[in-house]
Amino acid sequence: MDGDRQVIEPSPPILHVDMDAFFASVELLSHPELRGKPVIVGGHSPRAVVTSATYEARAFGVHSAMPVGAALRLCPKAIVLEPHMHLYREASRTVMALFREVTPLVEPLSIDEAFLDVSGARRLLGESDLIAARLRERVFAETGLPCSIGVAPTKFMAKLASGRAKPDGMLVIRPSEVLAYLHPLPVRALWGVGGKTAEQLERLGLRTVGDIADTPLDALVRAVGEATGSKLHELALGIDTRSVETVSQEKSVGHERTFDVDERSPEVLRRELLHQSNRVAVRLRSAGLMGRTVALKLRFADFTTISRSRTLSEPTDLGKRIFDEVTAIYEAVGARGEAIRLIGVRVEQLSEAGSAVHQPALWADETVPSEGWRDAELTIDRVTAKFGTDSVRPASLVNAPKSGETADRNGTRR
């Protein structure tokens with residue numbers, strides 16, 4: 001009878017796809033003989049850090065961002081492979097293209113994970129759990145790379161589900177299951193709850209998400225502040241109104257280097273700033289972006305880290321302009337002669353290159369590059385695109401080590 005008919009709850013529309021041990025998995029495509037063994041992706045310099053590790057290595061406590069030396073002490077039999085960013089970027093492009101064949105509503109979070117909204121795709125491809133299962137199969141069939149997928153009503157729950165599904169799995173949390181799944185979890189499962197916030201909550205006796213859900217909002221606000229308290233209250237009730245955003249504006253473009261040995265030479269540091277400024281400028285131009293704020297990052301021998309920035313009157317995508325500003329920042333910091341462990345250059349407040357409005361200068365200013373500089377840097381772009389990054393370099397860099405010869409270099413886009 002109709003009264004006895006079981007109602008099947010439709011699967012929720014949000015997918016979070018997370019590639020498993022992405023960098024390590026890509027490396028194993030070239031080293032199939034290492035499958036099933038503990039593998040670490042990282043440099044061989046004394047200060048190299050782990051960028052990825054297989055689950056066999058993670059079983060020993062190895063994790064990303066820890067020093068490679070420490071990882072090898074935990075797992076002496078691990079095999080260390082050098083990272084190859086160009087391979088990861090190419091694999092990411094392939095995977096993201098597969099996602100967009102399922103739905104145009106794809107929000108990449110990083111090189112190896114993305115949210116998908118399959119609301120519209122369900123009419124053609126079936127329920128979300130079927131879409132997710134087929135997507136996992138296709139990603140592996142076409143790339144050889146495993147992934148885990150969480151399917152849920154909201155972005156927060158989908159990301160939580162993919163994490164619980166790892167490695168190489170899938171977890172579906174339907175709307176009626178959200179609170180039963182969420183409330184037994186520890187408070188640290190909620191976005192925004194780090195060590196300090198967790199301690200504050202635990203002092204109040206709030207140890208699970210369910211405890212937070214049962215706590216009056218005003219008590220949470222008194223404990224952790226209005227913004228955090230309100231957000232935790234909503235998440236604990238399964239509320240997350242954020243939609244999948246298909247367009248994400250780059251927040252900054254940067255490049256940094258950790259020296260093998262602490263560096264004190266102003267000449268070497270200045271040369272490194274020039275190299276990084278040019279690298280950042282090339283990235284800006286290739287992305288069709290310009291930036292108004294130039295930032296310098298310094299990490300000293302005692303691990304103290306500072307960041308200083310200047311905002312320009314007009315946005316720029318020129319290496320010389322970035323270099324002039326970041327050098328002035330370095331001089332103003334007064335760090336000459338101090339031992340530097342890491343140095344980095346970053347450009348922020350980005351906008352599309354065509355949207356920048358240039359005001360004509362009343363007087364010639366030698367600190368602002370002329371159109372001749374722009375022509376020169378655009379010419380260098382064309383040459384390096386054809387012959388490689390190090391085919392053309394400023395004269396002061398001709399005798400400097402090429403990228404990757406003596407240091408780990410980490411290009412970052414946020």
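A residue is called buried when its relative accessible area is under 20%, and exposed when that value is over 50%, with partly exposed residues in between. In the predicted model described here, this cut-off places Lys-297 among the buried residues, because its relative accessible area is 19%. Glu-256 also counts as buried, at 13% relative accessibility. These two residues form a salt bridge with each other, in which the closest N and O atoms are 3.4 Å apart. Since Lys-297 belongs to strand S10 (residues 289-300) and Glu-256 to strand S9 (residues 252-263), the pair ties together parts that are 41 residues apart in sequence. A further set of salt bridges, linked through shared partners, joins Asp-18, Asp-20 and Lys-166 into one network.

In total, the structure holds 21 salt bridges. Side chains of opposite charge can pair in this way when their charged atoms come close. One of these contacts is the salt bridge in which the side chains of Arg-174 and Asp-129 meet, at 3.3 Å from N to O. Arg-174 is found in the loop between S8 and helix H8 (178-182), whereas Asp-129 is part of helix H6 (residues 128-143), so that this pair connects parts lying 45 residues apart in sequence. Asp-129 has a relative accessibility of 22% and therefore counts as partly exposed.

Arg-222 is exposed, with a relative accessible area of 64%, while Asp-218, at 48% relative accessibility, counts as partly exposed.

The arrangement of strands was also examined. Five strands form an open sheet with mixed pairing, in the order S5-S6-S1-S7-S8. Strand S5 (106-110) and strand S8 (170-172) are the edge strands, each of which pairs on one side only. On average, and with direction ignored, neighbouring strands of this sheet are turned by 15° against each other. Within the sheet, strand S1 (residues 14-19) pairs with strand S6 (residues 113-117) in the antiparallel sense, over five bridges, and the bridge partner of His-16 in S6 is Phe-115. Helix H7 (residues 155-165) packs on the sheet, where it touches S1, S5, S6, S8 and strand S7 (147-152), and the direction of H7 makes about 140° with that of S7.

Notes:
Residues are numbered from 1 along each chain as its sequence is written. This is a predicted model: local features need pLDDT of at least 70, side-chain atom pairs count only at pLDDT 80 or more; totals for chains, interfaces and linings use all residues. Side-chain values use heavy atoms; hydrogens and water are left out. Two strands pair if DSSP finds at least two bridges between them. Helices (H or I, at least four residues) and strands (E, at least two) are DSSP runs, numbered from the N terminus. Axes are lines fitted to C-alpha atoms, for helices over the stretch in contact, and angles run from 0 to 180 degrees between N-to-C directions. Contact means heavy atoms within 4.5 Å. A salt bridge is a side-chain nitrogen of Lys or Arg within 4 Å of a carboxyl oxygen of Asp or Glu. Buried means under 20% relative accessible area, exposed over 50%, partly exposed in between (1.4 Å probe, protein chains only).
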